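Hi there,

Here is the structure I promised to pass on. Have a look at it first, and my notes follow below.

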Amino acid sequence: MNNQLQANIFRFILLVLLQILILKQIPVELASFRLLIFLYPTFLILLPTNTPSQVMILLGFLIGITLDIFYDSPGVHAGASVFSGFIRGASLRLFGVDVDQVKIPTPSRANIGFGKYARISAFILFFHIFVYYVFDVFTFVYIGEILIKTIGSFVISYPVVLAFALISNVKK
Amino acid sequence: MRSLILLILKRSSLILFLIMELICALLVINYNKKQNEIFLTSSNFFAGKLYSTLNVAKEYFELSDVADSLSYENEMLRNQLASSRYINIPFQDTMRRVLPDSLGGDSVLVHFTYIHATVINNSVASSNNYLTLNRGRLHGVERSMGVVSAHGIVGIVTAVSNHFSTVKSILSRDLKVSGNIFVDGTPFSGSLTWQSHDHRFMNMDYVPKYAKIEQGDSVLTSGFSTVFPEGYSIGKVDTFFVPPGSAYYKIRVRLEEDMTTIRRVYVANNLLKEEQLKLESENE
């Protein structure tokens with residue numbers, strides 16, 4: 001248990017650093033839209049399956065507000081991460097991961113299989129990015145812009161999330 | 001009452017979720033309005049330090065760009081030197097009046113001083129974009145000062161800490177800048193906003209349609225506000241049209257400064273600002 005706590009703290013720091021020191025510095029432009037690359041939702045996806053949903057929400061707020069400090073956008077990443085934390089438990093169940101099974105504390109690629117991990121992370125990542133741009137634009141007048149940015153950002157973020165899953169090998 | 005408590009306990013994660021989202025929404029609204037949530041921005045000490053360290057590494061890769069922009073500025077400054085002008089008229093006295101250096105006493109006041117700064121954090125992807133500078137209160141930077149670069153205007157200082165400051169970029173939906181287009185020496189002023197998602201363009205309104213503007217005309221700062229000095233380049237007219245029934249052009253302005261790669265900037269300190277604002281407030 002203690003080991004798992006350490007692993008999650010380490011993952012938190014690693015993902016925040018990767019996000020702000022590398023991914024934030026890469027300019028991605030698609031048809032004149034500047035897009036962000038999202039990797040840090042991986043932290044929320046990989047939290048232990050038995051984490052209470054209240055804790056998921058608060059941890060979502062924590063990682064979101066940490067990134068907001070570096071992105072100068074108070075509340076935007078936090079809003080998206082709170083949402084991702086909220087839907088994580090439901091999306092595990094939706095894609096057939098037994099959340100009560102104690103044998104797989106971490107829903108990682110090695111534990112639940114690449115196919116399931118890919119589907120769960122696609123689901124969470126897409127909604128995470130969508131909520132991010134809703135908070136960013138903060139009005140539904142620009143719904144077209146929100147959708148284009150969401151899809152564009154998802155297309156470039158998803159390979160990064162999968163690559164991270166392939167490189168990291170969490171078995172615990 | 002008991003059933004209410006049971007309901008809250010049963011739905012506690014949903015309620016917590018809604019409360020947290022509300023907090024986030026308040027943060028977003030608050031930040032855009034008051035622009036002084038210094039604690040949560042990268043002008044706070046920890047984030048600022050990390051970005052300065054990263055900046056040291058990034059600078060090595062951008063040295064040639066920096067040298068380009070510095071030599072461009074040197075060129076402009078040299079153009080302003082008295083020695084770089086050839087006095088073509090016999091009446092030397094008339095010419096001297098034009099060059100402030102040659103006038104003594106109180107006839108010329110310093111209007112703006114500049115504090116040079118380096119951009120250590122920058123964004124262009126959001127609807128309201130911010131930059132972080134490595135200069136703060138200790139260097140004389142204050143809120144609502146204008147920030148300019150070698151190629152144009154950059155933004156307005158919104159928050160200051162001791163060593164860092166954050167700047168609301170001109171690429172922000174709730175920022176307005178007034179600008180002039182000169183047609184045959186006559187300035188036509190209009191209002192520039194950033195309505196698109198494209199970091200290369202701004203939109204300009206309220207230029208009357210009888211002004212004969214052309215593609216490629218320069219847009220300069222008007223100096224109406226106390227923020228930016230007069231005559232700084234903003235961009236060039238890219239496309240324009242008159243909407244049916246309107247008396248004004250809708251102009252798309254191509255920015256001169258590439259906001260994505262901006263590094264060296266100057267914070268403009270208006271020394272006569274308080275006097276101007278005080279006078280203007282007397283009319284209200």
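How many residues of chain B are in contact with chain A, and how many of chain A with chain B? The count is 39 residues of chain B against 36 residues of chain A. Please keep in mind that this is a predicted model.

**The interface**

Between them, chain B and chain A bury about 3,300 Å², and carbon and sulfur atoms give 65% of that area. Eight residue pairs are in polar contact across the interface, both residues being at pLDDT 80 or more. On the side of chain B that touches chain A, the elements that give two or more residues are α2 (12-34), α3 (45-61), β1 (112-122) and β2 (128-133) of chain B. The most comes from α2(B), with 14 residues. Sorted by class, that side of chain B has 20 nonpolar, 14 polar and five charged residues.

**The salt bridge between the chains**

The rule finds one salt bridge across this interface. Its partners are Arg173(B) and Glu145(A), at 3.3 Å, N to O. Arg173(B) sits in the loop between β5 (165-172) and β6 (177-183) of chain B, while Glu145(A) belongs to helix α7 of chain A, so the pair joins two chains. Arg173(B) is partly exposed, with a relative accessible area of 21%, whereas Glu145(A) is buried at 10%.

Glu145(A) also meets Lys149(A) in a salt bridge (3.2 Å, N to O). Both residues lie in helix α7 (residues 143-167) of chain A, four residues apart, or about one turn of the helix. Lys149(A) is buried, as is Glu145(A).

**A pair within chain B**

Over all chains the count comes to eight salt bridges. One of them is formed by the side chains of Asp238(B) and Arg252(B), at 3.1 Å, N to O. Asp238(B) is in strand β10 (residues 233-241) and Arg252(B) in strand β11 (residues 248-255) of chain B, so this pair ties together parts that are 14 residues apart in sequence. Asp238(B) is buried, with a relative accessible area of 13%, and Arg252(B) is partly exposed at 33%.

**Chain A as a whole**

Chain A has seven helices and two strands, in the order α-β-β-α-α-α-α-α-α from the N terminus. Of its 172 residues, 57% count as buried. The accessible surface of chain A is about 7,100 Å², with 72% belonging to carbon and sulfur atoms.

Methods: Residues are numbered from 1 along each chain as its sequence is written. Chains are lettered from A and ligands numbered from 1 in the order in which they are written. This is a predicted model: local features need pLDDT of at least 70, side-chain atom pairs count only at pLDDT 80 or more; totals for chains, interfaces and linings use all residues. Side-chain values use heavy atoms; hydrogens and water are left out. Contact means heavy atoms within 4.5 Å. Buried area is the accessible area (1.4 Å probe) that two parts lose on being put together, summed over both. A salt bridge is a side-chain nitrogen of Lys or Arg within 4 Å of a carboxyl oxygen of Asp or Glu. A polar contact is a pair of N or O atoms within 3.5 Å; within protein, one must be able to donate a hydrogen and the other to accept it, and residues adjacent in sequence count only if both atoms are side-chain atoms. Ala, Val, Leu, Ile, Met, Phe, Trp, Tyr, Cys and Pro count as nonpolar, Asp, Glu, Lys and Arg as charged, and the others, Gly among them, as polar. Buried means under 20% relative accessible area, exposed over 50%, partly exposed in between (1.4 Å probe, protein chains only). Accessible areas come from the Shrake-Rupley method with a 1.4 Å probe; for residues, only the protein chains shown count as cover.
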